[in-house]
Amino acid sequence: MTFRAKPLALALSISFALAACQPAADQAATAPEAPKLQVDLSQVAQQPIAFNAADLDTSIEACQDFNGFVNSKWLAANPVPGDRTTWGAFPALGERSLQVQHEIAKAAAAGSWPAGSMEQKVGDFFASGMDEAAIEAAGLSPIQAELDAIAALTATSDIPGFIGDAYASGQGMLFSFFAMADYNDSTTNIAYAGQGGLSLPERAYYLEDREDYKQARAAFLDHVTKLLVLAGTDEETAKAQAQVVLDFETRLAKASLGRLELRDPATRYNPVTLADADAMTPNFSWTAFFADLGVAAPEKFSLANPNFFKEFDAMLADVPLEQWQTWLRFRAIDGAAPYLSKAFVERNFEFYAKTLRGQQQQQERWKQVLGALNGSMGEGFGQLYVAQAFPPESKAKMEELVGNLMAALKVRLENLEWMSEETKAKAIEKWSSFTPKIGYPDVWRDWSGLEVKRDSYAGNLMAAAAFNYRYMLDKIGKPVDRNEWGMSPQTVNAYYRATANEIVFPAAILQPPFFDVNADDALNYGGIGAVIGHEMLHGFDDQGSKFDAAGNMANWWTDEDRAKFEAAATKLADQYSGYEALPGLFVNGRLGLGENIADLGGTTVAYDALKRAQGEGYTDPMIDGFSQDQRFYMNWATVWRIAFTEAQLKQQLTVGPHSPGMFRAIGAPSNQPAFAAAFGCKEGDKMVRSGDDRVVIW
Ligand SMILES: [Zn+2]
């Protein structure tokens, strides 16, 4: 039950797999039956941040500082709220989605529903989380059985069995383990085991000498100590145990790969037989692990980053039992802390949100509970969200936009000057198999096996963790369900999944500044159009380009074309690595490469699509004195309007992959002659990259 906030940005989701979904063919994607949920959305205060010409700072030259021109005035007037670590267009939509969800959850909790209905589950889950008196009274009891099991271990040889039992109940703690399409056969799910076990955001936090990482390590020791004291350990013992925890995780960190290395899909995929795996980790039997999970012994599974698992195996042999128990006990308490009594919730906030991300205040209780609800049954809750908050006309307009973007991308692929006809044919084959998904799933996942009660918040979380994990485990060895979604409809985000070659746009992102059925084309193409392009271009970025039309990891490039692609990509990486986010701290252009290729290509294709939509002989309406081309680019920058707390910005620079929004606002346009022409920029202006500096990929 670990709680970690996810960065708000457009996610690339090649390895995105924990959401589970099975066919339920008889379930139509319609609103639930009567009695009907009565929700008053007029209570929702947070409005979307649409592009507004009055927000422009006309004292700043668009050709010198485009982000400042579009965003600085609004950002100066709208500081980051105390309960957030970022604020701007994207986070505001997230806030709006939460407020809509709050009205739905309150109405569900207040009503009386048939047992087992989605309204009952959502209402009881929400009510259990808001019942702070019951949570306070429960103390540590929700995890007592787990703590007892850890205390009862008598030898390190007991640990593999404990790990198996914990994973079987959905409480994974040491390595990642999930089902996902086989990289070599995208029609079948296999199991993937990968590195894990770190409490800090990335291995660099344990290993590098940077001042802020050293401070994070010191703060972590303090956090572990205080958490253990809260759980009843005396202070002196807790202090010693904190060092054990840090040392334990530092070993895991040393054996882990960094984010940059993990961008290569080959580092995340290492198919082995059970016999190979058992030989690699003589102290940990994968055969027994699969049996503990109740999963039939697979012919093969992916055991990625063998060095990590070799180190884990060595630790089973050389870390004393009581140190293992210390670490396991800490992870159990730390993972559950957000759902326990107030003192644990506060301790969790102090370290993970305040210290590591610069959040000044805790979120109100209802937001915390909605976070847990979304983590536990997000797609189920999404059925209620869609019925209340997604206008059907949005889907039709989106289909038109996607169609125009598809057509524009095809023309670009056909006319690429640097690519051979041979590779081009493969690229077009991949283009032709893109699957768009808009709004919400055609087939909703079946939640009938999940029982939700009003009397125990932690009990509901554990039941959902077990239910979701079982759902995921049941996919191992089975055909991939191409209907499944990896994000709930109420998520403000979008993603591309390489193994399915699909682009997915949840309902909640289809609002301004991204999308508005009543807005002029320039705003929609500069907003959601560029996002559609972005997700498509993930299929052709540094990672996605290593997967073919069928979603299999395969090289469909000639060597010469690949070399040209890499050279252009390197230029783009260098461009972003030149952006200084904080004094002395620069963007890592390699870590963000896939996102930045997607932004560059996505905006290019969206601009082409806008021209297609306008057609020949088009007369520009010049809204508020601005041309459609200007409004296209201004809305692109509005989408990326964002301010960060310093700690959050530092963390994002380390964990990536998205470049901070202020650089996304300018990075792609500065390479585009259409931008320079729209604003009358000249060579030598900061927003104009010309000659050899100008990057063109797709
Ligand atoms: Zn992306």
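Rings of Phe, Tyr and Trp (its six-membered ring) pair if their centres lie within 6.5 Å; planes under 30 degrees apart count as stacked, over 60 as edge-to-face and the rest as tilted. On that basis the structure holds 63 aromatic pairs. This is a predicted model: local features need pLDDT of at least 70, side-chain atom pairs count only at pLDDT 80 or more, and totals for chains, interfaces and linings use all residues. Residues are numbered from 1 along each chain as its sequence is written, and side-chain values use heavy atoms, with hydrogens and water left out.

Take Phe175 and Phe312. Their ring centres are 5.9 Å apart and the planes are at 55°, so this pair is tilted. Phe175 is in the loop between helix H6 (159–168) and strand S3 (176–182), while Phe312 is in helix H12 (residues 306–318), 137 residues apart. Helices here are DSSP runs of H or I with at least four residues, strands are E runs of at least two, and both are numbered from the N terminus. Phe175 and Phe312 are both buried, meaning under 20% relative accessible area with a 1.4 Å probe, protein chains only.

Next, Arg445. It lies over the face of Trp447, 3.9 Å from the ring centre, and over the face of Tyr471, at 3.8 Å. The criterion is NZ of Lys or CZ of Arg within 6 Å of the ring centre and within 35 degrees of the ring normal.

Last, the helices. Phe220, His223, Val224, Leu227 and Leu228 in H8 meet Arg329, Phe330, Ile333 and Asp334 in H13, where contact means heavy atoms within 4.5 Å.

Definitions and conventions: Buried < 20%, exposed > 50% of the residue type's maximum accessible area, 1.4 Å probe, protein only.
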